[in-house]
Amino acid sequence: MCCLQIPCKGTIPILPLPQKITYTHQQFILNDVTLEPFGQFKEWDEWVQTINDTTSTKIPPQRTIRINQIKDIPEIPINKEEAYKLQITETQINVISISRTGIYRALQTLKQLITSNEKNNYLPTCEITDWPAFRIRGFMHDVGRTYISLKELKKEIELLSRFKINVFHWHLTENQAWRLESKLYPELNSPQNMTRMLGKYYTLQEAKELVKFCKKHHVMLIPEIDMPGHSEAFNRAFHADMQSQKGMEILKKLMDEVCETFDVPYIHIGTDEVKFTNPEFVPEMVRYVRSKGKKVISWNPGWNYQPGEIDMTQLWSYRGKAQPGIPAIDCRFHYLNHFDTYADLVALYNSRIYNCSQGSEDIAGSILAIWNDRYITDEKQIVAENNLYANMLALAERAWLGGGTCYFDGPETLLRTETPETNQKFADFEQRMLWHKHHTFAGEPFPYVRQSHVKWNITDAFPNQGDLRKKFPPEDTEAETYEYEGKRYQTHTVNGAGIYLRHVWGNLVPGFYKNPQENHTAYATTWVYSPEQQSAGLLLEFQNYSRSESDLPPEPGKWDYKESRAWLNGHELLPPQWQSTHKKRSNEIPLTNENCVSRPPLQVQLHKGWNKLMLKLPIGKFQTPQVRLVKWMFAAVFVTPDGTESLENLIYSPTNPEKQ
C-alpha cells in the first residue's frame with residue numbers, strides 16, 4: 001500500500017511510486033557532496049562526481065551521502081533483496097539496503113527526486129521505505145523472428161532499468177532463424193537456413209557482452225532456446241527433428257554451448273505449441289540443462305510438469321495456470337504485439353498481476369512480450385507500434401507497487417465514468433509517465449499522448465443485418481436516447497483516446513459493450529472546445545494492426561473493412577493514402593502506415609469554440625478473409641500538427657455544452 005504525502009501533488013515524477021514515502025518539506029542541495037564509502041559502488045561514484053563537477057558554487061563539503069549495506073531490514077515484508085530505505089535531511093542522505101541491487105534501486109529513485117529552482121538542483125527531504133511487490137518485472141523481444149541490434153537492446157535495457165525493470169527475456173530461436181551463434185554447428189547460422197533477415201545473428205561474444213551489460217544494470221537476462229517446437233530452423237540445418245535421437249544429441253551439445261556462454265541462473269526451453277512425439281524429450285532436456293547448474297523455465301500451456309520437475313513456468317494465453325509449488329510468470333494478456341496504443345495501456349495499468357495484489361513463492365511477477373510474427377523492418381517502428389515504453393512504465397509501476405483494481409477480465413479495463421477514483425490514479429500515472437517521455441525518453445519512439453481528459457458519448461449498437469453502410473438516427477440528430485424500429489437506444493459516457501467496443505480477445509477482456517454482437521453499428525461523439533481557430537493534427541484509427549497478423553491493408557479511400565467513417569463539424573474525414581496495396585495475406589510483407597503511430601496525423605482545422613467529432617463504427621463479422629481478428633474499436637485524439645503531443649488547450653465534452 002503506497003503511503004504518499006507529496007508537497008505539491010503531481011510535481012515529482014517518481015515512477016514507479018515507492019511503497020512508503022513521507023516528505024518533510026526541506027531541501028538537500030546538490031553541490032559539493034561527499035560519498036561514504038567512495039569507490040565501492042561505481043554508479044554512485046559516477047553520479048556524485050557528476051554533481052560535483054557541474055557545481056558552480058565551491059564551498060567546503062557540508063552534505064554527505066552514506067551507504068549502509070546491512071544484514072536485514074525487518075519492516076520489509078517481501079523481496080528484501082531489492083528493497084531499500086532512503087532518509088534525506090538537509091545535510092545527509094542515508095541509504096540502507098541488504099544488497100548491492102537494493103542500493104542500485106535506491107539510486108534510481110534518488111535521481112527521479114531531483115528538482116530544480118532558480119539557484120540549485122536539490123532533493124526534497126523525505127523518508128522512503130521501498131520494496132517490489134513482485135520479484136520479476138520484465139520484457140521480452142522475439143529476435144528469432146526479427147533481429148534487433150545489440151545497440152538497440154542495450155538502450156532499452158538501460159532506460160528501463162531506471163524504472164526498476166529487472167528482467168530481459170531474449171527469445172533467440174524460431175522457425176525463421178536461429179539467432180545465436182554456434183561454433184559447433186555453424187550451419188545453424190547460415191543464411192540458407194533462415195527465412196527472414198538472412199544471416200542476422202548474435203555472436204557468442206555479443207551474448208556474453210549483453211549478459212555483462214544486464215548485470216551492470218541489475219537486470220537478469222533469460223535466454224530462450226525454444227524446443228521442441230518453433231524449431232524449423234533447426235530442422236533445416238540438420239534434417240532432423242529435435243525429438244529424434246539425432247536431434248536430442250545435437251541439442252545437448254548446443255545446450256553445452258549455451259550454458260557455457262550465458263552466465264545466468266535460468267535457461268528458458270519453450271515447450272509450447274508443439275505435438276510431443278517423444279515422451280522422454282522434455283524430462284531429459286530439463287535434467288540435462290539442470291546438470292549444467294542452470295534452472296529451467298518453460299511455457300505453460302506446454303509440457304505438463306509436476307512440482308519439482310521444473311523451476312519456473314511462464315503463462316501464455318488465457319489457458320495458462322499457475323501451479324502450487326512451481327513459481328509462475330504471468331504473461332497471459334501481456335502480448336504487446338496485440339495491444340493498441342491507448343485502450344490496452346489503461347487495462348494494463350489497472351490490472352493486478354495474476355489477480356494478486358502482491359507476489360508470493362508461487363507468483364513471481366510478469367513479463368511483457370513482443371512477438372514479431374509480422375515482419376517489421378524498422379527497429380524504431382517496432383518500439384513505436386508496440387508502444388513499448390509506455391506499456392513498460394505501466395508494468396513497472398504495477399509490478400513494483402502491486403495492487404490494481406481488477407484483472408484483465410475485470411470491469412476497469414476502460415476509464416469508465418463510474419470509477420472516478422481509479423481514473424484519477426491513472427491520470428496521475430499518466431502525468432508522471434509523460435514527464436519521462438519528454439525527459440528520460442527524449443528522442444526515443446514514444447507515440448503515446450495524454451488521453452485521460454478525452455470524453456466520449458457512445459450509443460447502444462444498432463442492428464445492421466450485415467449492411468455496414470446502413471444509416472441510423474445519430475447521423476441526423478444528437479440525443480441522449482434514440483427510437484429505432486420500436487426500440488430505445490441509450491447513450492453512455494466513457495473517457496480515453498482509445499476505446500474497445502469489443503476487445504481483440506473477445507469476451508475474455510471486457511470492452512465497452514457487455515455482450516457485443518456481430519452485424520451492429522455504433523456511434524461515438526466528442527465535443528472539443530478550442531479557445532481559438534487553429535490547425536491541429538488528429539490521430540485516428542479504427543483497426544489497430546497487430547504485429548502478429550498477416551491482415552490486408554485497407555482498400556483505397558476506406559478506413560477499414562468495416563465501413564467506418566468520421567466527421568468533424570459535419571465534414572467527412574477521409575483516410576490517408578495507404579502505402580501497402582497487396583491483396584494476398586502474408587506475414588513477410590512489412591507493415592507500413594496501417595497503424596496511426598506510423599503515419600502523420602490528419603491535418604484538420606478547429607473552429608474557435610465547440611467542435612463536433614463523430615465516428616460511425618459498424619461491425620460485420622468478428623473474423624473476415626481480410627482481417628483475422630477484427631478489432632471493434634477506435635482511437636481518436638487531437639494533437640499538435642506534427643503528432644508528437646496532445647493539444648493541451650482543448651476541453652473535451654461528451655455532449656454539446658451549448659445545449660445544456
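E541, F542, Q543, Y545, P554, W559, W578, E594 and R599 line the second largest cavity. The model is predicted.

**Exercise 1.** Determine how the lining of the second largest cavity divides by class, and state the volume of this cavity.

*Solution.* Step 1: sort the lining residues by class.

**Exercise 2.** Describe the largest cavity and identify the strand that gives the most to its lining.

*Solution.* Step 1: the structure holds 3 cavities of 30 Å³ or more, and the largest contains about 60 Å³ of space. Step 2: its lining includes N457, T459, Y523, A524 and T525. Step 3: β18 (455-459) and β23 (520-530) each supply at least two lining residues, and β23 gives the most, with 3 residues. Step 4: by class, the lining has 5 nonpolar, 4 polar and 1 charged residue.

**Exercise 3.** Locate F262 within the nonpolar cores of the model and list its contacts beyond four places in sequence.

*Solution.* Step 1: the largest nonpolar core has 153 residues, and F262 is among those with the most contacts inside it, as are W170 and W178. Step 2: helix α10 (residues 388-401) provides the largest share of this core, 9 residues. Step 3: leaving aside neighbours within four places in sequence, F262 is in contact with W170, L172, L180, A207, V211, L221, P223 and K294. Step 4: a second, separate core of 29 residues includes I21, Y84, I88 and L110.

Technical notes:
Residues numbered from 1 in each chain as written. Predicted model: local features only at pLDDT ≥ 70, side-chain atom pairs only at ≥ 80, totals over all residues. Heavy atoms only, no water. Core = buried A, V, L, I, M, F, W, Y, C linked by side-chain atoms within 4.5 Å. Buried < 20%, exposed > 50% of the residue type's maximum accessible area, 1.4 Å probe, protein only. Helix = DSSP H or I, 4+ residues; strand = E, 2+ residues; numbered from the N terminus. Contact = heavy atoms within 4.5 Å. 1 Å grid on protein atoms, 1.4 Å probe; cavity = no way out; pocket = protein on both sides within 12 Å on 5 of 7 lines; lining within 4 Å. Points joined across faces, edges and corners; volume = space filled by probe spheres on them. Nonpolar A, V, L, I, M, F, W, Y, C, P; charged D, E, K, R; others polar.
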